[in-house]
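Good morning, and thank you for coming. Please have the model open before you as I speak.

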Amino acid sequence: MPDILRAAAPGSLLPYGLGRSYGDSCLNAGRELIDCCRLNRILGFDESTGMLRCESGVSLSDILDVFLPKGWFLPVTPGTRFVTVGGAIANDVHGKNHHCAGTFGAHVRQIGLHRSNDGLVICNSNSEDNPDMLRATIGGLGLTGVIAWADIQLKRVAGPWIDAESIPFESLDNFLDLSRESNDRFEYTVAWLDCFAGKNPRGIFFRGNHAAKSGKEFHPKRGPKLPFALPAWMLNLYSVRAFNTAYYKFHASRRGAAVVPYDSFFYPLDSIRQWNLLYGKQGFLQYQCVIPETNVAAVEELLDRIARSGMGSFLGVLKQFGSAPPAGMLSFPRPGLTIALDFAMRGEPTLRLMQSLDEIVQQSGGALYPAKDARMSPALFEASFPRWRGFVPYIDPKMSSSFWRRVTGAQ
Amino acid sequence: MTAANMKKIIILGAASGIALEVQRKLACQGCQLLLVARSSQRLSEIQADLAARGAQKVMTYSADLASVQQHAAVFDFARRTLPDFDTVLLAYGSMHDQKDSETSVDTLLEELQVNFVSASAILTLFAGDLERRRTGCLAAITSVAGDRGRRSNYVYGSAKGALSLFLQGLRSRLHPAGVRVITIKPGPVQTPMTDHLPNAARFADPQQVARDIVRALERRSPDVLYTPKIWRYVMTVVQQIPETIFKRLSF
């Protein structure tokens, strides 16, 4: 790795993991990517403390496969297990437990970082060793260097089961009440949203805790695989609306508590491999923003515009972030409501709708999530991350990305 | 056979891309492993990774298996340290650029030496031991490339094809002794061996291939494993193409 970094031209490289970022933050158009997936060794594990040291290409899926049977779980997990540790740090990913555990980066104690000028640099969160470089690398979009390895604090659990509850709601206030009431008692909270319902969205609120008993033996199932891209017309206003209604009715009729396996609770989409092909060859754009909680009217306006456009899809997610201080300089999560929505790419009309959503986000003092973005303007990036210039000195001169050039005008 | 009684495994070529993933799965199941590979530094890195994943006992021995002269020492070490081994997996191989093997006889011979000559030699040593003890399983990774000679890859293909034939005969010889022989034929897999090939990003995931291999080691069947499974059907079709047509195909 030091040789690769030394030999490269300035701004020519970007580390790449499993490529689950939805936009161009993991791309480097016309330049080079470093495939980190074979940096996949586990270097050490302390069974008394749960501290794991592994290389950056190890996937969260690998960690679960190896350590969940031993009673350890990820401190924070995003909605897919197919991301690398390096990617989880570089995007400072969050999960359903943000209100009590913060982001993934908050559980990274130390990293080894390959820098083109300085070799392998050790960065530690609570010592003299480059704590600022660690804060820059967490959420740093891979621009500070190549993460060689990381020390991650895993979390003790009794077993693979989750005590889960699902509760239907029929308005934003209703959701907020549920969320506030649940955040103290439940480690994990999230809501699915029917984005066709407008200002007063109906949805299903999911909440859960790790089950206290190890429970019966757990056999992970491998789901089906979508073999090819579906024709674009299959996802239309009517089919998605019908799906959303059916999904809502199904969960509303089964409201209440159940013990469910962790994978269906955390990773429902992973059960269909290549689910992204649902959106056809044109693919989709995702829109994930956060809007300050004091500005519920902006959230309503956003949902209203989406409902009126008729372009929303069946993957609408709503979650209340907690108030933990950000772990990284460019971390996305901040106190407020985050909404994530998929839009099948239909060209100009889709982009126009998203631009009109941008206005609301910007006016409300919110932010867009770089890991999910392929199109935000430099102005919106500036508004979302007003302190990004303070991050620039930490960028490795050999690193760049399509995203970074697009939103900052860097060369 | 279940994972519980499939305990003591020798892996020849432990640093190969497929072997790395197979070992990780076996280590998590609590198997005892003896790993043989060229580089002792690589071996100690692999050992540390497996230990962190919960491996019970991992031993290593560094040797260049392409060199038949070193085989006796490997075999001796195995019999001393893991005398009641029950499974041997041969996982090493090499794939030079086909063009180099066409222009350089040395490269051609090296390709045959690594993939066939040395492989059949060391399998013969271990086969004799398992036959005497009337137990166990020999598995070797060959390739779908060995099912038909193709313009673009026939040197590697012929070496792997010869190994497949060798295993076929060995299977029949060891059958009365109750020793199982598995021929593993992967399609193209994303490993360091294939990085130089075009479209390498579309090749199979080594974790998936490893899953298939571990499952085959645990069960009684099949004798010949194609992985990913689709290659069984693809190669059935490819083998039916008449030679007059096949010789005109450039793939």
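Predicted model: local features only at pLDDT ≥ 70, side-chain atom pairs only at ≥ 80, totals over all residues.

Two residues are in contact if their C-beta atoms, placed from the backbone, lie within 7 Å.

Let me remain with the overall form of chain B. Along the principal axes, the C-alpha atoms of chain B fill a box of roughly 50 × 40 × 35 Å. As for burial, 42% of the 251 residues of chain B count as buried.

What secondary structure does chain B hold? Chain B has nine helices and seven strands. Seven strands of chain B form an open sheet with parallel pairing, and their order is E3-E2-E1-E4-E5-E6-E7. Which strands of chain B stand at the edges? They are strand E3 (57–62) and strand E7 (224–227), and each of these pairs on one side only. On average, and with direction ignored, neighbouring strands of this sheet are turned by 15 degrees against each other.

Please look now at one pair inside this sheet. Strand E4 of chain B, residues 87–90, pairs in the parallel sense with strand E5 of chain B, residues 137–141, and four bridges join the two. Within this pair, B:Thr87 has B:Cys137 in E5(B) as its bridge partner.

Two helices of chain B that lie against these strands deserve attention. Helix H7 (residues 206–218) of chain B packs on the sheet and touches E4, E5, E6 and E7 of chain B. The direction of H7 makes about 160 degrees with that of E7(B). Helix H1 (residues 17–28) of chain B lies across several strands, including strand E1 (8–12), strand E2 (32–37) and strand E6 (180–186) of chain B. Relative to E2(B), helix H1 runs at about 165 degrees.

We turn next to the contact between the chains. How many residues does each chain bring to the contact? Chain B gives seven residues, and chain A gives seven residues. On the side of chain B that touches chain A, helix H2 (residues 40–52) of chain B supplies the largest share, namely four residues. By class, that side of chain B comprises three nonpolar, one polar and three charged residues.

Finally, I come to chain A. Here five strands form an open sheet in the order E3-E4-E8-E6-E7, and the pairing is antiparallel. Strand E3 (42–46) and strand E7 (119–124) of chain A each have a single partner strand, so one side of each is left without a neighbour in the sheet. Neighbouring strands of this sheet are turned by 10 degrees against each other on average, if direction is ignored. Within the sheet, strand E6 (residues 108–115) of chain A runs antiparallel to strand E8 (residues 146–153) of chain A, and six bridges join them. A:Val108 is found opposite A:Ile152 in E8(A).

The axes of helix H9 (residues 296–309) and helix H10 (residues 348–363) of chain A come within 10 Å and cross at roughly 170 degrees. Angles over 145 degrees count as roughly antiparallel, and therefore H9(A) is roughly antiparallel to H10(A). Among the residues that meet are A:Leu302 and A:Arg305 in H9(A), with A:Leu353 and A:Leu357 in H10(A). The residues of this contact divide into five nonpolar, two polar and two charged.

How values were computed: Residues numbered from 1 in each chain as written. Chains lettered and ligands numbered in written order. Nonpolar A, V, L, I, M, F, W, Y, C, P; charged D, E, K, R; others polar. Pairing = 2+ DSSP bridges. Axes fitted to C-alpha atoms, helices over the stretch in contact; angles between N-to-C directions. Buried ≥ 20, exposed ≤ 12 C-beta atoms within 10 Å, placed from the backbone. Parallel < 35°, antiparallel > 145°, perpendicular 65-115°, else oblique.
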